[in-house]
Amino acid sequence: MSGLLLKNGTVVDPSQGLHKKLDLLVADGKVAELKENISADGAEVYDLQDKIIAPGLIDMHVHLREPGQEEKETIKTGSKAAAAGGFTSIACMANTDPPADDVSLIKHIQEVARRHGIVNVLPIGACTIGLRGEFITQIGEMQRFGAVAFSDDGQPIANAQVLRKVLEYAGMFNSVVISHCEDKTLTNGGSMNESALSTKLGLPGIPIASETTMVARDIEIAKNFGRIHLAHISAKASLDLVRQAKKLGAPITCETAPHYLLLTEEAVGAYSTNAKMSPPLRQEADRLALLAALQDGTIDIIATDHAPHTLDDKRVEFNLASFGISGLETALPLLYTHLVQTGLLTIDRLVELMSVNPAKIFALDKGTLKIGAAADITVIDTQLTKKVDKTKFYSKGKNTPFDGWELGGWAAMTIVGGQIKYTPEKGVWLKT
Ligand SMILES: NC(=O)N[C@@H](CC(=O)O)C(=O)O
Ligand SMILES: [Zn+2]
Ligand SMILES: [Zn+2]
């Protein structure tokens, strides 16, 4: 028989409460066997001693920029970056040009992704036409053709009545709406966290209230009209609201991104535009609150908010630079090194946050290594350490504040639908 036999690795699969040294056999694109001492004639055998075998990581917040801004990223380069970063599935935001606000765009993204066949690319449909926050898109149709969630990310839906209608409509199809919580009138052209530091640097600040007022509004709207997933939470005060709302049973989930867990506004330092993103990096108390919220379950998901930009978009005055950082190729080693190896999170919890929970919240048939499941698998190297080198990124976006960081926990193998798509030795394996 053909297939892949993964031997001697430690299987970490919180969907089955598993953390155990087991062999795993992949056949016909599926998990065929999971037990001790498997032998299978004809299968390619890989010795995964000192490696972790996890259900494939799922990133629910990625900007792929195609169509329209291919100089920043394409579906192909973003998919390669995902595979190299250990992600088997990525959900791409609708703020392309034109935005993914109708079925033809959803189909187009899927077709291009399928042609390249690297990772699963799951399109997110826009909530409103042109992301303008006025007229609702054909949510049901887009879902029927494969949109996995709906979001105007990049823009808030400022009009609460529009958001209500979006939720009611998406709710009819059990689809989740992802909200970019930002009150633009409070952001008011700001470019970093509003604080003593922003004053010192002479940069216009973005107050925490720009996020929290919208988190509070969204919670109230969710309680009354339907489920909301809050994107890129950056502030302690937002977490306090979410924690309280969850206690009361509000249909709210939320995510944060690696940079909010590992950096503060201090990273802006000497006007480093690679530390500029929306929402902005906050302060140490916020960072610590985010870590605590990962532990107590207030935060459900870690997503990268991979936001690639060109050198020219970033090599300008701080206030003029684009918001966002390239995240797909650093997320796993950053989190493994700084959260798992430091003992802040177990590897099991990290896999929950990056695979099991995204699958659960967005009703994806993924996030598990149960027998019969699609063989989307991330193998993590627990021994190798090396430096982040942005010049080696598959992503066109070299805009990272983490260049040169020495990290462990890199992807040792990314398997999608039973096929190896990435190993450090051979790089991304393209379709032949
Ligand atoms: N996060 C960012 O700083 N930028 C995102 C937009 C967004 O996620 O809101 C982008 O599209 O560049
Ligand atoms: Zn956003
Ligand atoms: Zn985003």
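Me: Which residues are exposed on the other side of α4, and what makes them so?
Reply: Gln 161 and Met 172 are exposed there in this predicted model.

Me: Which residues of α4 are buried?
Reply: Leu 163, Val 166, Leu 167 and Ala 170 are buried. The cut-off for that is 20 or more other C-beta atoms within 10 Å.

Me: How do you know that they are on the same side of α4?
Reply: They cover an arc of only 100 degrees around the axis, and therefore share one side of α4.

Me: What covers the buried residues of α4?
Reply: The cover includes the helices α3 (139–144) and α7 (209–225). Strands β9 (149–151), β10 (177–179) and β13 (228–230) are also among it.

Me: How do you know that the span of α4 agrees with its number of residues?
Reply: Helix α4 has 13 residues, 160–172. At 1.5 Å a residue, they should span 18 Å. The end C-alpha atoms are 19 Å apart, so the two agree.

Me: What follows α4?
Reply: Asn 174 does, with a positive phi near 50 degrees.

Me: Which residues have the most contacts inside the largest nonpolar core?
Reply: Leu 24 and Ile 124, in a core of 131 residues. Helix α13 (residues 347–361) gives the most to this core, 8 residues.

Me: Why is this core said to lie between domain 1 and domain 2?
Reply: Because domain 1 (4–53 + 373–428) and domain 2 (57–361) both give residues to this core.

Notes. Residues numbered from 1 in each chain as written. Chains lettered and ligands numbered in written order. Predicted model: local features only at pLDDT ≥ 70, side-chain atom pairs only at ≥ 80, totals over all residues. Helix = DSSP H or I, 4+ residues; strand = E, 2+ residues; numbered from the N terminus. Expected span 1.5 Å × (residues − 1). Buried ≥ 20, exposed ≤ 12 C-beta atoms within 10 Å, placed from the backbone. Arc of directions from axis to C-beta. Contact = placed C-beta atoms within 7 Å. Core = buried A, V, L, I, M, F, W, Y, C linked by C-beta atoms within 7 Å. Domains from an automatic or database assignment.
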